[in-house]
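I opened the notebook to look up folds, cover and charge pairs. The entries follow.

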Amino acid sequence: MSNRKATFAKRQREADLKDHAKAKEARRLERQNQQGTGTKGPVIAWDEQFVPPEADPADAENNGLPAPTPPASEDRP
């Protein structure tokens with residue numbers, strides 16, 4: 001009789017391990033689906049044209065670049 005008890009316990013452990021593995025796999029798939037593409041960080045819009053930001057004179061001085069000239073005013077003689 002003890003052999004039947006041991007066999008049942010072994011089968012129960014194996015079933016528990018399979019259930020645990022299935023639950024773990026389901027959680028892993030759920031995490032993948034929530035992330036979307038599976039990438040980290042912001043999504044890059046490859047089809048948009050790059051527009052550089054306006055140059056700031058203070059940044060040009062700090063980088064050793066010549067400062068941009070201000071636009072000519074029409075009020076000047």
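I looked up secondary structure and found two helices and zero strands in the protein. Helices (H or I, at least four residues) and strands (E, at least two) are DSSP runs, numbered from the N terminus.

I noted the ground rules. This is a predicted model, where local features need pLDDT of at least 70 and side-chain atom pairs count only at pLDDT 80 or more, while totals for chains, interfaces and linings use all residues. Residues are numbered from 1 along each chain as its sequence is written, and side-chain values use heavy atoms, with hydrogens and water left out.

I checked cover next. Of the 77 residues, 1% are buried (under 20% relative accessible area; exposed is over 50%, partly exposed in between; 1.4 Å probe, protein chains only). The protein exposes about 8200 Å², and carbon and sulfur atoms supply 54% of that area.

I then searched for salt bridges (a side-chain nitrogen of Lys or Arg within 4 Å of a carboxyl oxygen of Asp or Glu). The count came to one. Arg28 pairs with Glu25, with the closest N and O atoms 2.5 Å apart. Both residues sit in helix 1 (residues 2-35), three residues apart, about one turn of the helix.

Arg28 is partly exposed at 33% relative accessible area. Glu25 is also partly exposed, at 36%.

Conventions:
Areas by Shrake-Rupley, 256 points an atom, 1.4 Å probe, with all protein chains shown as cover.
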